[in-house]
Amino acid sequence: MQTHVNSRATLGAADDDLKRRFLAGESVVDLVHERADIVDGLLVNLWQTHAGDLTRSLALVAVGGYGRGELHPFSDIDIMLLLPDAIDAAAEQRLSAFITSLWDIGLDIGHSVRSVRQCVEEASADLTVATTLMEARLVAGPEALFADMQAAVGPDRLWAPQEFFAEKRREQIARHHRYHDTAYNLEPNVKGSPGGLRDIQMIGWVAKRHFGVDTLDELVHHRFLAPGQLQLLHEGQAFLWRVRFGLHILTGRREDRLLFDHQVKLAEMLGYEDATYTLAVEQLMQRYYRTVMDLSRLNEMLLQLFEEAILMDPDAAPEPLNERFQVKNGYLQTVDSRVFVNDPSALLELFLLLQQHPGIRGVSAYTVGLIKRNLHLIDEQFRQNPRNHRLFLAILRAPAGVTHELRRMNLYGVLGLYIPSFGRIVGRMQYDLFHVYTVDEHTLFVVSNLRRFALERFDHEYPHCSRVMQALEKAEIAYLSGLFHDIAKGRGGDHSELGAVDAEAFCLEHGMSRYEARTVAWLVLHHLALSTTAQKRDIGDPDVVNEFAALVGDQTHLDYLYVLTVADVRGTNPKLWNSWKASLFHDLYELTSRALRRGLENPIDREQLILEKQDEAREMLHEANVDDERIAAVWTFLNDRYFLRHRSNEIAWHTEWLADSDTDSDIGLVDVRRQPGGDGVEAILYTPRRKHTFAHATAALDELGMTIVDARVEQLENDYSLDSFIFMELDRRMDIDESRMTKIRRSLTRVLTSSDDDVAKVTRKLPRQARMFTTKTVVDFEHDNTRGLTVMELVAADRPGLLSKVGKVFIDQGVDIDAAKIMTIGERAEDVFYISDEAGAPIRKAAKSRLSKGLIDAIDENDAAN
């Protein structure tokens, strides 16, 4: 027992020393290997204590990362007890005592007990076991037994290099799929994400299996790695090790995920400091993303080299494409090592050839290496070369492979050098929950979305966007606006304005007409306009639509802006795209198209719009067997504002429901339905005007785990209010079954009997990621001259119960809600409320001050509680 105590103390002291030296900046490579050495010493000591004479016949073997001699502070320590044959019960008891002692001193042990025969059986059946045994290292025991095991599971006995490589390649593809095939996730896994430590280990495993090498350095001797590439691998691994080591220290456990919870503290631990335009955490993450991008490129190149060496015919005859390129074993390669030196334009031509010959499997590893070594040729002279301008535009205009080759250009480092402003956003993250990808990855997703709109085989995904995109005369205008829309992020100033300048200059340099260049620049400058108008303003108001139509100017600009907006929002955060946003954008597009057809000098007429909506709704109601008399009875208390702000199908639903109900009810009425053709739910509450149902209804829906995307409060002509809400599940589930609908109905029905003083408390917890952010609460007021209302914009942290808190303050201060536009941007809420006092007049100056203070106090109190 004293041995255990001493060992625990030794381990604790050693870990404290390693932590101190890490924080002092000592080489993490030395620390990782030293911890493995420390654990070796402890295990040998305990092995001798507990195993006794068994140490002469049994082997203590380190496997996995421990087998490689690499241990982070809380890494798993995987060992195997290798037996010559079966052992008796007494020996089993001693081995059990040994394993228990390891747990007792605080080691996180994973262990197996196998004979050589069992090693062969399990390695034959499971590639993971075979891989683990490849990395085995003898810690103590008979060397002959260990050598027998190594020989028994060697490539000449099982998992030959060809089979091993093919299976490992499939394994990596599957792992990358689990991380959505991108290293640019918001919370990447240092070990498993593409470009992470597992990708480096993958190279080592294949090299060891095929060449029998023990280190990556030996690949240089086999001419599979250049010295510079080896240095890049070592530096990348050291950086990722430093991140992982820091995560373990920070969390006090094995942690490989760069969660939001840890990123800021880790950046501080690693010595990063906030700069003028870039936070310390953004600097850390940009370094991380650029590192894994380099490692991804090396991983791809080396695995392809292995594939060519292991699976392909080295003597295959190449097929010439032109004087610079040929195809060998299905891969594009240069005819010699000086192609790029003799003709630098070939650095762009290569990508165009891949588009023109879709049967080519990719770029040969040899050529990828040549590209990397010749990137310095992409200089200002290269960027000003008219031939290169033509090549780049040809890549954008190609009938196939546009997105694929732009991604390849980015991966190989070509795109960021050809467009230097793009190079500055490579790996740049934005520390929030709205942008889930780095700026360059988001940009390429936007172009990918635009490209899918342009291809008929994807028409089923977004039919309307596809029709609009495919009717555009020059798709490259849309692609270029996508490439440049966020290109000035991180520079300071308005990124839309700065990006528009860059875009226009680039287009003019590339020989595009002044009109085309200005169109691209206009799209970059106004790329947020359609989204902001649709989500923050009342597009049922013809004045809003006319104002937006004046900004757009013509149908062509509207078409380009519409497809760019949908592509942009979808490419920012797929989880935040939903049918409600799609319908908002579509509605604004259609309303603006109509305004443009009428002419800006002949704006949409309110009365005509109301009559058209009534005619469409009446037709639907007749189909539902609701006669004109019952329709007229309901419409007597629905005012013009109601008809302007609701779609025809909503008017028909509300009218049929009210026609079949007791509209004089003192309590009120509730109805709920799934959104037609959407993935949300609509609820309508008809209550006496004296009731303030907004606070109660939003609290009830929030507690149910719903996110509200739209709210409207109509003051009717009969002293009743019609409150409508559109909402969906927080986890974006599409299928809301009938039992869930029943629960929603019951919860909202209870709202009808709630008093103003009895707003339910929302007990739902704040999501983990959102806890890491603080958003200053800001309240601004404007006046809506058209409707005589006050427009209040609230920016605050998006927290459970936020809307009900706002509603409760409105009740306390005698504020009536006319409408609410709910917009959540990651961790931040940007909500707009159209409000008045109880007499229907705009909010006065003194009342605005009280209201602002009341909201800030209530919300900040709520944040403190969370």
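This is a short chat about a predicted model of one protein chain.

Biologist: How many helices and strands does the chain have?

Modeller: There are 38 helices and 17 strands in the chain.

Biologist: And what does the C-alpha trace span along its principal axes?

Modeller: About 100 × 75 × 55 Å.

Biologist: What share of the residues is buried?

Modeller: The chain has 866 residues, and 58% of them are buried.

Biologist: Which contacts join residues at least 24 apart, as a percentage?

Modeller: Counting contacts between residues at least 6 apart in sequence, 71% link residues at least 24 apart.

Biologist: Switching to helices. At what angle do α22 and α23 pack?

Modeller: Helix α22, residues 439–454, packs against helix α23, residues 463–471, at about 85 degrees. Their axes are 7 Å apart.

Biologist: What do you call that, roughly parallel or roughly perpendicular?

Modeller: Roughly perpendicular, because angles from 65 to 115 degrees count as that.

Biologist: Which residues make the contact?

Modeller: From α22 they are Leu450, Arg452, Phe453 and Ala454, and from α23 they are Cys465, Ser466, Met469 and Gln470. By class, five are nonpolar, two are polar and one is charged.

Biologist: New topic. How many cavities of 30 Å³ or more are there?

Modeller: A search of the whole structure finds one. The largest cavity holds about 30 Å³ of space.

Biologist: Which residues are closest to its centre?

Modeller: Leu186, Tyr289, Val436, Tyr437 and Thr438, out of 10 residues that line the largest cavity.

Biologist: What classes are in that lining?

Modeller: The lining of the largest cavity has six nonpolar and four polar residues, and no charged ones.

Definitions and conventions: Residues are numbered from 1 along each chain as its sequence is written. This is a predicted model: local features need pLDDT of at least 70, side-chain atom pairs count only at pLDDT 80 or more; totals for chains, interfaces and linings use all residues. Side-chain values use heavy atoms; hydrogens and water are left out. On a 1 Å grid over the protein atoms alone, a cavity is a set of points where a 1.4 Å probe fits but cannot get out, and a pocket is an open set with protein on both sides within 12 Å along at least five of seven lines; lining residues have an atom within 4 Å of a point. Grid points are joined across faces, edges and corners, and a volume is the space filled by probe spheres set on the points. Ala, Val, Leu, Ile, Met, Phe, Trp, Tyr, Cys and Pro count as nonpolar, Asp, Glu, Lys and Arg as charged, and the others, Gly among them, as polar. Axes are lines fitted to C-alpha atoms, for helices over the stretch in contact, and angles run from 0 to 180 degrees between N-to-C directions. Helices (H or I, at least four residues) and strands (E, at least two) are DSSP runs, numbered from the N terminus. Angles under 35 degrees count as roughly parallel, over 145 as roughly antiparallel, 65 to 115 as roughly perpendicular and the rest as oblique. Contact means heavy atoms within 4.5 Å. Buried means under 20% relative accessible area, exposed over 50%, partly exposed in between (1.4 Å probe, protein chains only).
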